[in-house]
Amino acid sequence: QPKRACDTHNCEIAKFVRLTANSLEPVSFTVPRKGDHFQDDLYPDCYAGVSALSASDWLQGQNARPVMQSMRPGDTGTRGVVLSASQSVGEAA
């Protein structure tokens, strides 16, 4: 599953699904940490699930950095958004 699906309150760093003969079992990997504040070192910005280029731009040979999203709870901003001439930062986020 994508990194952005992890539970940052429980210091979960990865989620997988284990396939057994009769079922799918969720498997969670957590890092034991004291305190309940956000752990910046465990959660760098991750891929936001948004394409940075349109298909036509990519076919023309353009490149762009991926759109990144903060893992901090409550922070909905993205980084690396490609804006058109008529878009503002608020419209892209």
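**Reading the surroundings of Glu-12**

A: The side chains of Glu-12 and Ser-28 are joined by a polar contact of 2.4 Å (a pair of N or O atoms within 3.5 Å; within protein, one must be able to donate a hydrogen and the other to accept it, and residues adjacent in sequence count only if both atoms are side-chain atoms). The model is predicted: local features need pLDDT of at least 70 and side-chain atom pairs pLDDT 80 or more, while totals for chains, interfaces and linings use all residues. Residues are numbered from 1 along each chain as its sequence is written, and side-chain values use heavy atoms, without hydrogens or water.

Q: Which residues does Glu-12 touch, not counting those up to four places away in sequence?

A: Contact means heavy atoms within 4.5 Å. Glu-12 touches Ala-5, Cys-6, Asp-7, Ser-28, Phe-29, Thr-30 and Tyr-43 on that basis.

Q: Is Glu-12 buried or exposed?

A: Glu-12 is buried (under 20% relative accessible area, 1.4 Å probe, protein chains only). Glu-12 has no salt bridge (a side-chain nitrogen of Lys or Arg within 4 Å of a carboxyl oxygen of Asp or Glu). Lys-15, the nearest side chain of opposite charge, lies 4.0 Å away.

Q: In which strand is Glu-12 placed, and how does that strand pair?

A: Strands are DSSP runs (E, at least two residues), numbered from the N terminus, and two pair if DSSP finds at least two bridges between them. Glu-12 belongs to β1. Strand β1 (residues 12–19) runs antiparallel to β2 (residues 24–30), with seven bridges between them. A hairpin of four residues connects the two strands, and Arg-18 faces Glu-25 in β2.

Methods. Buried means under 20% relative accessible area, exposed over 50%, partly exposed in between (1.4 Å probe, protein chains only). Lys and Arg count as positive and Asp and Glu as negative; His and the chain ends are not counted.
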